[in-house]
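Student: Could you take a close look at the aromatic rings in this model, with the geometry and the cut-offs spelled out?

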Amino acid sequence: MSARNRTTGPRALTQWALPLGIIAGWQVLSVAGLIPGRVLPAPTDVIAAGWKLLLSGELLRNVWVSFCRAIVGFAIGGGIGFLFGLANGLSQRSERVFDSTLQMVRNIPHLALIPLVILWFGIDEEAKLFLVALGVFFPIYINTQHGIRSVDQQLVEMGRAYGMSATTLFRRVILPGALPSIFVGLRYALGIMWLTLIVAETIAASSGIGYMAMQAREFLLVDVVVLSILIYALLGKLADSTARLLERLCLSWHPAFQTS
């Protein structure tokens, strides 16, 4: 077994040591009566509530609805942001036309648009997708543009000197050089994606994890509310871990992402 494989297990356990320790302390304090159940139910009560919802099918249905909203909204907003980042990073003319307007829109808090979005779309899926897409657009756009503009121009000139076509130069030099910055934008956008979805689903939704939490609040089911928060946290961690895995795979050539 290689040294890398031997260290993977302990490293993964270390990452989960603090969260598990917090949960263990939470359970101990709850059992001791130091944390009232009406304020914060014990982890065992939250697990029991989750199991009950899982058996009824409500939990999986709402998680799946939220997951689909997040993915579709991210694909729309992230795809458009990536294309604008490429265009404005590669072309100064495109930047002069679009960047100023995009920067003005960026300074408008997208969650402040919720009342207007509800008037436009109601509480249908289009409202949530629009908010998620708008939220993830700018991190990916800015970091893609920054990544392309940060590519070493000497490498670009060298590629041209070797007779590379524009397509080959982009594929072999510019895009690989911009990937570290693009992945920073990707991870940042994933966080905003879940934040936006949480707010959108608690205000304008008839299904999803946020809707489940708001329904639980109406009936004072604190354990379900806490369960919803933990599910959002786990989905966010899963999304970030997936992005980090793609980052390591795509940037295995980069010294900063090589492990001994």
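Tutor: What follows treats the ring pairs and then a helix contact. The model is predicted, so local features need pLDDT of at least 70 and side-chain atom pairs count only at pLDDT 80 or more, while totals for chains, interfaces and linings use all residues. Residues are numbered from 1 along each chain as its sequence is written, and side-chain values use heavy atoms, with hydrogens and water left out.

The structure holds nine aromatic pairs (rings of Phe, Tyr and Trp, the last by its six-membered ring, with centres within 6.5 Å; planes under 30 degrees apart are stacked, over 60 edge-to-face, the rest tilted). In one of them, the centres of Trp120 and Phe130 lie 6.1 Å apart with the planes at 85°, so the pair is edge-to-face. Trp120 sits in helix α5 (residues 114–121) and Phe130 in helix α6 (residues 125–149), ten residues apart, and their pair links distant parts of the chain (helices are DSSP runs of H or I, at least four residues, numbered from the N terminus). Phe130 counts as partly exposed because its relative accessibility is 29% (buried is under 20%, exposed over 50%, partly exposed in between, with a 1.4 Å probe and protein chains only).

Phe137 and Phe138 also pair edge-to-face, at 4.8 Å centre to centre and 85° between the planes, and both residues are buried. Together with Phe84, Phe98 and Tyr141 they form one aromatic cluster.

Helix α3 (residues 58–90) packs against helix α4 (residues 92–106), and the contact (heavy atoms within 4.5 Å) includes Phe84 of α3 and Phe98 of α4.

Note on methods. Axes fitted to C-alpha atoms, helices over the stretch in contact; angles between N-to-C directions. Helix = DSSP H or I, 4+ residues; strand = E, 2+ residues; numbered from the N terminus.
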